[in-house]
Amino acid sequence: MDDWKQILAESITKPKDLAKHLGVDPKDIEHIVGPYPMRITPTVLSTIKAKGDAIWKQVVPEPVEMDDFDAPADPLEEDTDSPVPHLVHRYPDRVLLMVTNQCPIYCRFCTRKRLVGKPGFLKKGELDQAVAWLRAHTEVRDVILSGGDPLLLPDHLIERILKALRGIPHLELIRFGSRVPGTLPQRITPRLCEIVKRYHPIYMNLHFNHPDELTPEVKEACGRLADVGVPLGAQTVLLKGVNDDPEIMKRLMHQLLLARVKPYYLYQADLTRGTNHFRTSVETGLKIIQALQGHTSGMAVPHFVIDAPGGGGKIPLLPDEYLLNLDDHGAVLKNYENRTYHYPQPVEGSDQTRSRALPMVGASVPGGLCGSGTMDD
Ligand SMILES: *Cc1c(COP(=O)(O)O)cnc(C)c1O
């Protein structure tokens, strides 16, 4: 058996093992792991420092998961948007392909809590069916392998899927969405990297929620993927008691960049049944973006999005302070230090350098944007 399979098999999945390692009373969680399975890999277990800390909350089942009856099981209505089994088609030019329901860990806040943990990978016939659909839909140029976690598939199945997808002429990008590098870094073997490298352009968006997840071995695993030319992005879920704090979030973004991972999305938690205790107010996310934008590397600022309940897709949110006014004359802008600037609109049919560069309203008009575009002499 490959090392990583052995390590995955040593994960905690049973309430009694959890009792042994983390001092939880198995009676409190036995009724939870049936409907909502648990798995905690050795890497994740070793990063838990204290009961109830940010890593613990993500993976240890809580009785409150079973008290949440009102929220929908499938808030994004993915099941409704599925033309053939395992495909979700919501946007014009890209689709999700769910290749497994298995994950290295079962996040307690998972949007696909209704599905994950069931055994089995995408079967040959199901792959053929998905590929046939993709062949017929020439508008699709981007396929996202998801699940579950696609990197839990054995090498030969990953290769089979990549090969089948690369046989579709109009398909441009293949992406993976994965929590494996952060939770089972041993799975990022040289052999896997060699396979992935043969099917470029391949992108990966990795899931990270807290700076403590970026251990040295996790950073090395990310490095191995980056070394074979895979651009790495990060998806982060905003979670109450885990990362709903600008300072923690800034540390996470910095650790990601050190691991050669570019923050991509910060998600408002979905409305999924059994996960309500993780939700924060929308303002919490806006304040975090405000605390990052301009205050640290632009590379460290993800897009803050809400995946609209009812299947509307991801909708980006920005703090509304940046654009104070916009009309024919120009934009009145506020920067990260709360200073106000004016950017004049170009003037139709005239020498733009003599545009309506109006003096700024309010007090502070440093030589920033106002001066630009008026170098007429
Ligand atoms: C997130 C998502 C995508 C990919 O969206 P991008 O904004 O391109 O990253 C595609 N399909 C579905 C159903 C999604 O939820």
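Because the model is predicted, local features require a pLDDT of at least 70 and side-chain atom pairs count only at pLDDT 80 or more, whereas totals for chains, interfaces and linings use all residues. Residues are numbered from 1 along each chain as its sequence is written, and side-chain values rest on heavy atoms, with hydrogens and water left out.

The protein contains 12 helices and 12 strands, which are DSSP runs numbered from the N terminus (helices, H or I, at least four residues; strands, E, at least two). The radius of gyration is 23 Å, close to the 21 Å that the globule rule gives for 377 residues, so the protein is as compact as a globular protein of that length; the radius is taken over C-alpha atoms, and the rule is 2.2 Å times the number of residues to the power 0.38. Along its principal axes, the C-alpha trace spans about 75 × 50 × 40 Å. Buried residues account for 49% of the 377 residues, where buried means under 20% relative accessible area, exposed over 50%, and partly exposed in between (1.4 Å probe, protein chains only). Of the contacts (heavy atoms within 4.5 Å) between residues at least 6 apart in sequence, 72% join residues at least 24 apart.

With a disulfide defined as a pair of cysteine sulfur atoms within 2.5 Å, the count comes to 0 disulfides. Cys107 is in no disulfide, the nearest cysteine sulfur being that of Cys110, 6.3 Å away. The sulfur of Cys110 in turn has its closest cysteine sulfur in Cys103, at 6.2 Å, which is too far for a bond. Cys107 is buried, with a relative accessible area of 13%, and Cys110 is likewise buried, at 18%.

Most residues other than glycine have a negative phi, and most peptide bonds are trans. In this model, the peptide bond from Gly147 to Gly148 is cis, with omega near 10°, and Gly148 is found in the loop between β3 (142–146) and α7 (155–166). The peptide bond from His200 to Pro201 is also cis, with omega near 0°, Pro201 being located in the loop between α9 (190–197) and β5 (202–207). Arg260, although not a glycine, has a positive phi of about 70°; Arg260 is found in the loop between α11 (246–258) and β7 (262–267) and is partly exposed, with a relative accessible area of 44%. A positive phi, near 70°, is likewise found for Asn338, which lies in the loop between β11 (330–334) and β12 (340–344) and counts as exposed at 53% relative accessibility.
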